[in-house]
Amino acid sequence: MTSSASPPQWQWETATAGAVAGLATVAAMHPLDVVRTRFQVNDGRVSNLPTYKNTANAIFTIARLEELRGLYAGFSPAVIGSTVSWGLYFFFYGRAKQRYSKNGDEKLSPALHLASAAEAGALVSLCTNPIWLVKTRMQLQTPLHQTRPYSGFYDALRTIIREEGCAALYKGLVPSLFLQVSHGAIQFTAYEELRKIIVDFKSKKSTSNSGSSDSVLNSLDYAALGASSKVSAILLSYPFQVIRSRLQQRPSSEGIPRYIDSWHVVRETARFEGIRGFYKGITPNLLKNVPAASITFIVYENVLKFLKLAKRNE
């Protein structure tokens, strides 16, 4: 994203920077992700899910009853999923922008930025849905859980395939596609457009007027851009996260799923919880994702700069 169209030789550097950024982000923010998931699925009508008063209470309660293992439940699939997702996202996004700009010959419009982000989001969702399903289920394993817990990522995959079939790995794919496409499109379009505004503003004030965004923007600018674009995306796309999490819950010990499909989740949530049900867990989600977006874009932009510099020095 250091230019509206990256040349082909930078594609692997783009993917690497995205992967490193995703890894750094998930390691720092995972406990809030666990809290968010548990809030999202708790509709108040089941007894095998713990109830928390607020985000702080949830963190302290999990730390007291489940210790560090509870706060980092599902960490391995989260690391794998985030690293793979960010790497693929930036890679697909860069390739899409390159294609839409005809290899850099044309300047991309906001609509084409949106199309690039939407395309990247859909492809990432198709590739990573099984990973996120496992992460969600492992995060929901508590002392109140009534079925045998998964011992790890690979045990979860084997158990799901054996007990529910391969199709179960793609539960929640429909809301996931809507989430990835809408969330990514909103976030990256907002990021790119705000970035242009700041670059233009700072370039006009700069005496050097080099025109290079690498020299104009600093880490604080990238942090502000990442955070502001993330808030916009979260507020508009959050209900899809709730629907996905509820669909991805593990079936009961009798093999009966809590929800049948996305429409069933929407009906039941609206009926028993109202609009607030679609925004359960949004506080830990904002606490996790706003600083996480800043970390991601700071790491991404700086790793990309480092790789480009190393390439030039070869």
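Predicted model: local features only at pLDDT ≥ 70, side-chain atom pairs only at ≥ 80, totals over all residues.
# Close-up views of helix packing, cores and selected residues

**View 1. Helices H3 and H4 are roughly antiparallel to each other.** Residue numbers start from 1 along each chain as its sequence is written, and side-chain values rest on heavy atoms, without hydrogens or water. The axes of H3 and H4 come within 8 Å of each other and cross at roughly 165°. Axes are lines fitted to C-alpha atoms (for helices, over the stretch in contact), with angles of 0 to 180 degrees between N-to-C directions. Angles under 35 degrees count as roughly parallel, over 145 as roughly antiparallel, 65 to 115 as roughly perpendicular, and the rest as oblique. Helices (H or I, at least four residues) and strands (E, at least two) are DSSP runs numbered from the N terminus.

**View 2. Helix H4 packs against helix H5 (residues 153-164) at an angle of about 100°.** The axes of this pair lie 10 Å apart, and the angle makes H4 roughly perpendicular to H5. On the H4 side, the residues that meet H5 are Ile 131, Leu 133, Val 134, Arg 137 and Met 138. Their counterparts in H5 are Phe 153, Ala 156, Leu 157, Ile 160 and Glu 164. Contact means heavy atoms within 4.5 Å.

**View 3. Helix H8 packs against helix H9 (residues 262-272) with an axis separation of 9 Å.** The packing angle is about 110°, which means that H8 is roughly perpendicular to H9. H8 contributes Ile 243, Arg 246 and Leu 247 to the contact, and these meet Ser 262, Val 265, Val 266 and Thr 269 in H9.

**View 4. The largest nonpolar core has 25 residues.** The members that touch the most others are Tyr 89, Phe 90, Tyr 93, Ala 117, Phe 188, Leu 217 and Tyr 300. Two or more residues come from each of H1, helix H3 (75-100), helix H4 (110-139), helix H6 (173-205), helix H8 (219-247) and helix H10 (282-313). H10 gives the most to this core, namely six residues. Another core, of 11 residues, lies apart from it and includes Leu 133, Tyr 150, Ala 156 and Leu 169. A nonpolar core is a set of buried Ala, Val, Leu, Ile, Met, Phe, Trp, Tyr and Cys residues joined through side-chain atoms within 4.5 Å.

**View 5. Ser 294 lies in helix H10.** With a relative accessibility of 11%, Ser 294 counts as buried (buried is under 20% relative accessible area, exposed over 50% and partly exposed in between, for a 1.4 Å probe and protein chains only). Not counting residues up to four places away in sequence, Ser 294 touches Ala 223, Gly 226 and Ala 227. The C-alpha atom of Ser 294 is 6.7 Å from that of Ala 224, although 70 residues along the chain separate the two.

**View 6. Leu 194 belongs to helix H6.** Leu 194 counts as partly exposed, at 32% relative accessibility. Beyond its neighbours within four places in sequence, Leu 194 is in contact with Leu 225 and Ser 228. Leu 194 and Pro 110 are 84 residues apart along the chain, and 11 Å separates their C-alpha atoms.

**View 7. Asn 48 occupies the loop between helix H1 (11-41) and helix H2 (55-71).** This residue counts as partly exposed, at 25% relative accessibility. With neighbours within four places in sequence left aside, Asn 48 is in contact with Thr 142, Leu 144, His 145 and Gln 146. Asn 48 and Arg 99, by contrast, are 49 Å apart from C-alpha to C-alpha, with a sequence separation of 51 residues.

**View 8. Glu 67 has a positive phi of about 60° although it is not a glycine.** Most residues other than glycine have a negative phi. Glu 67 is found in helix H2 and is exposed, with a relative accessible area of 54%.

**View 9. Cys 127 and Cys 166 have sulfur atoms 17 Å apart.** Cys 127 counts as partly exposed, at 45% relative accessibility. Across the whole structure, the search finds zero disulfides, a disulfide being a pair of cysteine sulfur atoms within 2.5 Å.
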